[in-house]
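Subject: Handover of a structure, with notes

Dear colleague,

Please find below the structure that I am handing over to you. My notes on it follow, and I would ask you to read them with the structure open.

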Amino acid sequence: MTLIGTSQHGWAGKILLVDLTAGEINQRQTAPYAKDYLGGRGLAARIAWDEIPASADRGKTRDAFDPENRITIATGPLTGTLSPTGGRTIMTALSPRTYPLTWYTHSTLGGWFGPELKYAGFDAVVISGKADAPVYLEIMDGEARLKDASDLWGLDTNRTQLRLKERLDPKAQVLAIGPAGENLVRFATVQHAEENAAGHSGFGAVWGSKRLKAIAVRGTGSVSVAYPVDLLSEVTRYGVFKTVPVGGALEGSGAHQRRPVCSQACTFNCLVSSYEETADGRLVPGQCVGSYLMAIRGNQNQMRATYYKGGGVEVPAGRSFGLCEEITLKEGCNQLGLDLWHRLVMQPWLVACQQRGIHKIRGFPIAPTDVFWYEAFQRQLAYRQGLGDLLAEGLRRAMDTLEGELPADLIDLGRQLEFGFGFPAHREGRFWDEEPLPFWVISAMMYASESRDPTIGTHQSSLLLADLVLEDRELARRQFRIVSRKTWGYEEALEPTFENKAPVAIWSQNMHMLIDSLPLCDFAFPQVVRPFKNRTDWQASEDISGDLEIDRRMLRAVTGIDYSREELTRIAERSFTLERALLARAGRSRKLEETLAPHFQLPCRVDGTLIDARGFSGLLDEYYTARGWDLELGWPKDEVLKVLGLPEVATELRQRRAEWKSF
Amino acid sequence: MLDARHILIEADLCRDCQACTLACSLFHHGECSLELARLRVNKDLAQHKVEINLCRQCDYPDCIAACPNAALRYDEHGRVRLFEEECLQCGACAGACRFHAIFYNANLGMYLKCDLCAGRPGGPACTELCPVGALTLIMEEG
């Protein structure tokens with residue numbers, strides 16, 4: 001057997017280190033990271049722990065726009081191979097979006113950039129410092145150089161990509177920021193191709209603060225595969241145009257309509273992707289929220305789904321414009337480099353203001369249901385003009401600024417809409433997705449313990465199973481008992497109760513870490529339940545268990561290393577725990593996590609269930625205990641860190657605990 | 001006996017997942033690469049249009065006519081093949097192909113052309129994997 005981390009297959013073998021302040025570029029070996037962290041999000045967490053210095057100022061966190069912040073763009077051993085959805089790329093840094101403190105987090109994006117980076121000879125790029133003037137990084141088959149980007153600064157993300165492709169090679173793949181990133185909008189994206197974005201964590205603004213406009217990469221090399229025949233047969237067997245198991249997969253019609261892919265090597269039929277055609281005959285791809293915003297059929301108002309009422313909180317329905325208008329807004333957002341998700345919270349909040357008779361904020365008129373106003377508003381966000389300058393801080397921070405100026409219930413509504421540490425509500429069972437008990441409880445534990453909206457990477461690992469409950473509660477319960485026994489070792493894992501859900505939450509998080517490190521897409525992996533041919537197929541089945549070993553077999557075929565499931569879980573736990581330690585370093589603790597409780601006191605939109613503050617605290621007790629974290633701060637205990645091979649992390653956390661107590 | 005004769009290309013259905021090129025390079029070279037493949041899928045980002053360059057198994061192949069060393073010829077199954085060991089690397093075939101479906105790989109120093117996965121029991125890997133029917137294997141009496 002090949003020793004872990006020494007395989008010639010899978011990994012490119014090198015990491016590119018770019019210091020923008022000094023204008024220097026260096027390289028280092030990937031192997032030491034691959035051994036303990038595989039790649040992607042795990043590798044990036046190790047680099048962040050070792051290299052983003054903690055603030056020298058005791059009790060203060062380092063700012064996301066500090067030149068010492070580091071952006072890591074990382075691929076994994078499956079990137080660039082035939083492994084379906086392996087084309088994804090991970091980006092991490094201290095985020096300007098997290099609230100109320102700055103901490104380290106991650107975003108992932110699909111597309112073709114990660115594979116091209118590997119074909120150019122690199123597994124990852126780490127960027128530190130700050131350039132004197134706008135630059136872009138050009139990577140060409142093992143060589144990298146920084147180039148003047150003064151002619152690109154100010155361009156939108158699409159034009160930037162096209163210009164660099166024209167300059168370097170039409171086949172180059174480009175990551176770029178738009179005006180929103182340049183102007184330090186806290187939810188600015190790093191864009192790629194038409195629709196791919198590292199969107200949620202505001203990394204576009206981190207690029208902007210470093211004056212990094214783009215990275216263009218061209219590679220003519222390859223990724224070596226240890227067992228080509230095995231990989232080919234694995235993909236043929238499992239990968240070809242199977243509808244991803246849940247999330248609308250029961251809808252027979254529409255499942256096989258023509259859909260775009262969002263990452264290289266994705267051979268799945270993914271129901272969160274769609275094409276729409278513009279009036280002038282262009283085909284526009286949309287993925288996830290982008291697809292959702294475009295999904296206007298007839299007079300259907302998709303944005304109406306934002307309506308929620310319960311527990312004294314009312315979120316108004318948003319307003320969908322026509323298809324052409326929505327495509328224009330969506331493309332505009334991508335080109336400006338804004339997170340598309342802003343629409344789902346900002347439009348309803350502005351509508352709520354209007355409903356309260358407020359038609360101006362700080363003297364700026366608001367008309368959120370007028371498409372021309374909204375289009376102008378998006379530009380104002382990106383350029384930080386007028387009202388846009390205030391809301392470019394994110395709804396959550398803007399509420400702190402507007403407190404006292406607007407009625408208290410509107411301020412509270414804004415805070416609720418971005419309740420998750422500054423991230424828009426998502427799969428939490430209230431404002432957005434229909435998530436009955438116990439799924440929102442699993443979400444709640446993940447929200448409390450992670451650095452960002454955590455549910456975005458755990459669609460398949462548990463949360464999309466909620467769809468089956470909504471279809472047929474009793475059938476789903478019967479089927480889930482079998483799935484639960486096989487997956488988590490006990491039948492009650494998905495029973496609609498509040499008890500004993502930590503094992504599912506932790507498993508989902510570990511799987512999320514693993515698929516972000518290989519990487520794969522969370523809409524397709526892990527395959528907790530098998531794909532269904534149609535509704536009848538699902539209804540006629542008792543055992544709907546999927547194949548949870550596809551990832552392991554593909555990893556073996558690519559790298560030649562026969563990891564056991566236990567080894568992979570250990571790697572995922574190590575990486576996740578390291579991320580938790582990074583949160584501890586930034587000052588996150590149980591006290592802050594308890595502040596999420598009020599959101600879960602609102603009744604669930606589909607079944608009315610809720611949890612009070614004491615109950616929420618009980619969820620934290622259960623979760624922290626299951627993770628081996630202490631109950632006071634929610635930080636990993638010494639013994640857990642030692643078992644995971646992180647004694648140096650234990651030393652630092654011990655020191656920080658002592659400081660914490662002396663405050 | 002039925003024999004594989006050509007691959008029908010419907011580029012309008014393609015969504016640029018590159019499973020075909022990756023499977024091609026994996027079968028022929030044991031590596032995943034867009035440059036080692038015997039076909040190319042190119043997306044025009046400005047137009048969101050995809051172009052696929054792949055051998056059409058022409059009835060009157062320009063490549064065969066152009067080759068000065070007869071390294072391009074029909075095999076026993078009637079497939080137009082490039083016999084790489086006989087190739088003089090002059091590039092005449094690539095220049096002659098109106099479908100731009102013969103590729104020079106500088107890393108290997110050789111020309112690459114689709115051989116319909118000669119020797120693969122299941123037939124061409126690309127048509128087996130293409131999830132959207134942009135590449136379809138057309139069988140004819142051989």
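In which loop of chain A is Arg186(A) found? Arg186(A) sits in the loop that runs between α5 (179–182) and β10 (190–192) of chain A. Please bear in mind, here and throughout, that this is a predicted model.

Arg186(A) has a relative accessible area of 16%. Because the cut-off for a buried residue is under 20%, Arg186(A) counts as buried. The side chain of Arg186(A) reaches the backbone oxygen of Pro96(A) at 2.8 Å. Residues up to four places away in sequence being left out, Arg186(A) touches Pro96(A), Arg97(A), Gly202(A), Arg384(A), Ala392(A), Glu393(A) and Arg397(A).

The buried residues are Leu395(A), Arg396(A), Arg397(A), Ala398(A), Met399(A) and Leu402(A). They pack against four elements of chain A, namely α10 (342–355), β18 (360–361), α12 (387–391) and α14 (408–417). Just after α13(A), Gly404(A) adopts a positive phi of about 95 degrees.

A further buried position in chain A is Ala650(A), which has 0% relative accessibility. Ala650(A) belongs to helix α26 (residues 647–662) of chain A. Its neighbours within four places in sequence aside, Ala650(A) is in contact with Asp638(A) and Leu641(A). From Ala650(A) to Ala120(A) the separation is 530 residues in sequence and 37 Å in space, taken from C-alpha to C-alpha.

I turn now to the interface of the two chains.

How many residues of chain B are in contact with chain A? There are 33 on the chain B side, and they contact 39 residues of chain A. The two chains bury about 2,900 Å² between them, with 58% of that area on carbon and sulfur atoms. In chain B, the residues that lose the most area to chain A are Arg15(B), Leu45(B) and His48(B), which together account for 25% of what that side buries.

Between chain B and chain A, 13 residue pairs are in polar contact, counting pairs with both residues at pLDDT 80 or more. Several elements of chain B, namely α1 (19–29), β2 (31–32), β3 (40–44) and α4 (125–129), each supply at least two residues of the side that touches chain A. The largest share of that side comes from α1(B), with five residues. By class, the residues of chain B that touch chain A divide into 18 nonpolar, six polar and nine charged.

Two salt bridges are found across the interface. The side chains of Glu35(B) and Arg218(A) meet in a salt bridge, at 2.7 Å from N to O.

The chains are also joined by strand pairing. Strand β13 (residues 223–224) of chain A pairs with β2(B) in the antiparallel sense, over two bridges. Within β2(B), Cys32(B) is the bridge partner of Val223(A).

Finally, some points of backbone geometry deserve a look. Most residues other than glycine have a negative phi, and most peptide bonds are trans.

Which value does phi of His48(B) take? Phi of His48(B) is near 50 degrees, which is positive in a residue other than glycine. His48(B) lies in the loop between β3 and β4 (49–53) of chain B, and at 15% relative accessibility His48(B) counts as buried. His48(B) is also among the residues of chain B that lose the most area to chain A.

Phe421(A) likewise has a positive phi, near 55 degrees, and is a residue other than glycine. Phe421(A) is found in the loop between α14 and α15 (439–449) of chain A, and it is buried at 3% relative accessibility.

The following peptide bonds of chain A are cis:

- Tyr99(A) to Pro100(A), with omega near 5 degrees; Pro100(A) is in the loop between β4 (89–94) and β5 (104–109) of chain A.
- Leu518(A) to Pro519(A), with omega near -15 degrees; Pro519(A) is in the loop between α18 (502–517) and α19 (535–539) of chain A.

With kind regards

Methods. Residues are numbered from 1 along each chain as its sequence is written. Chains are lettered from A and ligands numbered from 1 in the order in which they are written. This is a predicted model: local features need pLDDT of at least 70, side-chain atom pairs count only at pLDDT 80 or more; totals for chains, interfaces and linings use all residues. Side-chain values use heavy atoms; hydrogens and water are left out. Contact means heavy atoms within 4.5 Å. Buried area is the accessible area (1.4 Å probe) that two parts lose on being put together, summed over both. A salt bridge is a side-chain nitrogen of Lys or Arg within 4 Å of a carboxyl oxygen of Asp or Glu. A polar contact is a pair of N or O atoms within 3.5 Å; within protein, one must be able to donate a hydrogen and the other to accept it, and residues adjacent in sequence count only if both atoms are side-chain atoms. Ala, Val, Leu, Ile, Met, Phe, Trp, Tyr, Cys and Pro count as nonpolar, Asp, Glu, Lys and Arg as charged, and the others, Gly among them, as polar. Two strands pair if DSSP finds at least two bridges between them. Buried means under 20% relative accessible area, exposed over 50%, partly exposed in between (1.4 Å probe, protein chains only).
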